[in-house]
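Below are some notes for a colleague who has not looked at this structure before. Please read them with the model open.

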Amino acid sequence: MARRMGSEEWATAALAEIAAAKTVADVEALRVQYLGRQGRVTRELRAMAGLPPDERRARGAVLNACKADIEQALAQQREVLTRAEQAQRLEAERLDMTLPGVPPAWGTMHPITRVRRRLADVMVRLGFTIRTGPELETEWYNFEALNMPAEHPAREMHDTFYLEAPYVLRTHTSPFQIRAMREAGGELPLRVATLGFTYRRDDDATHTPQFMQMEGLVVDRGIGLPDLKGVVLAVVRDVFGPTERVRLRPSFFPFTEPSAEVDMSCPLCLGAGCRVCHTGWIEVLGSGLVHPRVLEAGGYDPREVSGFAFGWGVERVAMLLYGLDELRPLYQNDVRFLQAFDAWGAW
Ligand SMILES: [Zn+2]
């Protein structure tokens, strides 16, 4: 800005200050400092009042020229800085709508969930009703009602999570048998199944403290071992294929009489014998005819009706089905491991 004749030192300094302002806010502060109600220009104009008319006119001309210069400098600097600040903001806040987004992390269905759903589906197709039961059970439902009185060695066999009496974390899904029978109120036939978590103090390659069981119960008149074998065979074939065979081996469970372990032909070697099965057979589930005392605890008369029950470890099914050597990875939540089962599709 050209300096006008008669301009003042302070006005010259003001123009330099305005030109050096770095932000719009600085410009505004300078405007107040010079042109505000208490500003330098205002004060100088006010001070003219005491001058003689001639001097006042000359002084007025100088001050008005200074004021005009300052106003123009302020406007110009404000314009320059506003543009610069806008350009800077545009650059900083630039949003590129063509950039690819962040893809969401897709989950997959847990292998145990796949197997559980599959087993539930098989049982429903065989005419069973799926029931649930509490994981926090009383000792009566978990042991006594299932023919395991207080001194029964089976209560040690299960290394149980005992809670404040009379509660335990259920050691098997079998308490559901008692609950289902008592709720049925003697009605026949009774065909129920359950799938749920159970708890024992086990922790090694093939045992976890929490594991899932699938259990089926049938009560009716004239139920015998052929019925048990027929249903078990149907379930095994549905899950592992139509060429599967099963065999029953005598065993012992407190809540069934007689009791039988069920073996199925090894799905890996088709019964020829391999590293996993050695004999061509794989032990898959426990079963038997419902013990008369268990029927009584469920409100049925064992002289009139009979029944069978079988229980299967869901993780065991998953291990056989997916060829797993270890059970623990199923509960370690390693997404890479769990995603490997995507290949099985609906399974
Ligand atoms: Zn085999």
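Predicted model: local features only at pLDDT ≥ 70, side-chain atom pairs only at ≥ 80, totals over all residues.

1. The chain holds 12 helices and nine strands. Residues are numbered from 1 along each chain as its sequence is written, and side-chain values use heavy atoms, with hydrogens and water left out.

2. Along the principal axes, the C-alpha atoms fill a box of roughly 135 × 50 × 35 Å.

3. The chain is divided into domain 1 (9-92) and domain 2 (111-344); such bounds come from an automatic or database domain assignment. The centres of domain 1 and domain 2, taken over C-alpha atoms, are separated by 92 Å.

4. Helices α1 (residues 9-20) and α2 (residues 24-35) pack at an angle of about 170°, and their axes are 10 Å apart. Axes are lines fitted to C-alpha atoms, for helices over the stretch in contact, and angles run from 0 to 180 degrees between N-to-C directions. α1 and α2 are therefore roughly antiparallel (angles under 35 degrees count as roughly parallel, over 145 as roughly antiparallel, 65 to 115 as roughly perpendicular and the rest as oblique). In α1, W10, A14, E17 and I18 meet L30, Q33 and Y34 of α2, contact meaning heavy atoms within 4.5 Å. The residues of this contact divide into five nonpolar, one polar and one charged. Here Ala, Val, Leu, Ile, Met, Phe, Trp, Tyr, Cys and Pro count as nonpolar, Asp, Glu, Lys and Arg as charged, and the others, Gly among them, as polar.

5. How do α5 and α9 pack? Helix α5 (residues 111-125) and helix α9 (residues 225-240) are at an angle of about 135°, with axes 10 Å apart. That angle makes α5 oblique to α9. R118, L119, V122, M123 and R125 in α5 meet V235, D238 and V239 in α9. By class, this contact has five nonpolar, no polar and three charged residues.

6. Most residues other than glycine have a negative phi, and most peptide bonds are trans. The bond from L188 to P189 is cis, with omega near -10°, and P189 is found in the loop between α8 (175-184) and β4 (190-199). The bond from E257 to P258 is also cis, with omega near -5°; P258 lies in strand β7 (residues 256-265). N147, not a glycine, has a positive phi of about 65° and lies in the loop between α6 (139-142) and α7 (154-157).

How values were computed
Helix = DSSP H or I, 4+ residues; strand = E, 2+ residues; numbered from the N terminus.
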